[in-house]
Amino acid sequence: MEKELTTKNENPNSFSIKARFKSFRYAFEGLNSFFNTQHNAIIHLLMTIAAFFAAIFFNVSRGEVIAIILAVGFVWAAELFNTAIEKLADMVSKEFHPGIKFIKDVSAAAVFLSAITAFLVGAIIFLPKLLA
């Protein structure tokens, strides 16, 4: 079995609070890069805010809040993975390649599927409240 990649002066078997904080810093840098470069991020953010305001306004149940959180998280995770995959594919080749097109299309389909799922969760929760 291959060893995981380590940096200089880092023991792979040791736990370090400093290293854990570094990993959080990298995650926040990734979110910052994502919001600064991806126009869809603003749309997702506005929809997230709208969903949580609607949850408060309609006083949804705890179970419904959990469903909303999971659906919203699903969309965010899919969008972040899609962005990473697209950037990696662009680094591999900027020229058209059918294999890279397939990868990008499937990655975009994952975002689309997650958005449809979130929409359906929202419809199941909020439509009865709107029609009541």
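Visitor: Why does Glu-29 count as partly exposed?

Guide: This is a predicted model, by the way. Glu-29 has a relative accessible area of 42%.

Visitor: How many salt bridges does the structure hold?

Guide: Four. One of them joins Glu-64 and Lys-129, whose closest N and O atoms are 3.5 Å apart. Glu-64 is in helix H3 and Lys-129 in helix H4, so this bridge ties together parts 65 residues apart in sequence. Lys-129 has 26% relative accessibility, so it counts as partly exposed.

Visitor: What makes Lys-104 and Asp-90 a salt bridge?

Guide: Here the N to O distance is 2.5 Å, and the limit is within 4 Å, so the pair passes. Lys-104 belongs to helix H4 and Asp-90 to helix H3, 14 residues apart. Lys-104 is partly exposed at 24%, and so is Asp-90 at 25%.

Visitor: Let's turn to the rings. Why is the pair of Phe-57 and Phe-58 called edge-to-face?

Guide: Their ring centres are 5.0 Å apart and their planes stand at 85°. Planes over 60 degrees apart count as edge-to-face, so 85° settles the matter. Phe-57 is exposed, with a relative accessible area of 66%, whereas Phe-58 is partly exposed, at 24%.

Visitor: How many aromatic pairs does a search of the whole structure find?

Guide: Five. Among them is Phe-35 with Trp-76, 5.6 Å centre to centre and with 50° between the planes. Stacked needs under 30 degrees and edge-to-face over 60, so 50° makes this pair tilted. Phe-35 is in helix H1 and Trp-76 in helix H3, 41 residues apart. Phe-34, Phe-35 and Trp-76 form one aromatic cluster.

Visitor: Is Trp-76 buried or exposed?

Guide: Trp-76 has a relative accessible area of 15%. Buried means under 20%, so Trp-76 is buried. Phe-35, at 31%, counts as partly exposed.

Visitor: How do you know that the buried residues of H2 line one face of the helix?

Guide: The buried ones are Ala-41, His-44, Thr-48, Ala-51, Ala-54 and Ala-55. Looking down the axis of H2, they fall within an arc of 155°, so they line one face. They pack against helices H1, H3 and H4. On the other side, His-39, Leu-46, Phe-53, Ile-56 and Phe-57 are exposed.

Visitor: Which residues make up the largest nonpolar core?

Guide: There are eleven: Phe-34, Ala-41, Ala-51, Ala-54, Ala-55, Val-60, Ile-68, Val-72, Trp-76, Ile-125 and Phe-126. H2 supplies the largest share, four residues.

Visitor: One last one: what makes Thr-83 buried?

Guide: Its relative accessibility is 10%, and the cut-off is under 20%, so Thr-83 counts as buried. You'll find Thr-83 in helix H3. Leaving aside neighbours within four places in sequence, Thr-83 is in contact with Phe-34 and Gln-38.

Note on methods: Residues numbered from 1 in each chain as written. Predicted model: local features only at pLDDT ≥ 70, side-chain atom pairs only at ≥ 80, totals over all residues. Heavy atoms only, no water. Helix = DSSP H or I, 4+ residues; strand = E, 2+ residues; numbered from the N terminus. Buried < 20%, exposed > 50% of the residue type's maximum accessible area, 1.4 Å probe, protein only. Contact = heavy atoms within 4.5 Å. Arc of directions from axis to C-beta. Core = buried A, V, L, I, M, F, W, Y, C linked by side-chain atoms within 4.5 Å. Phe/Tyr/Trp six-rings, centres within 6.5 Å; stacked < 30°, edge-to-face > 60°. Salt bridge = Lys/Arg side-chain N within 4 Å of Asp/Glu carboxyl O.
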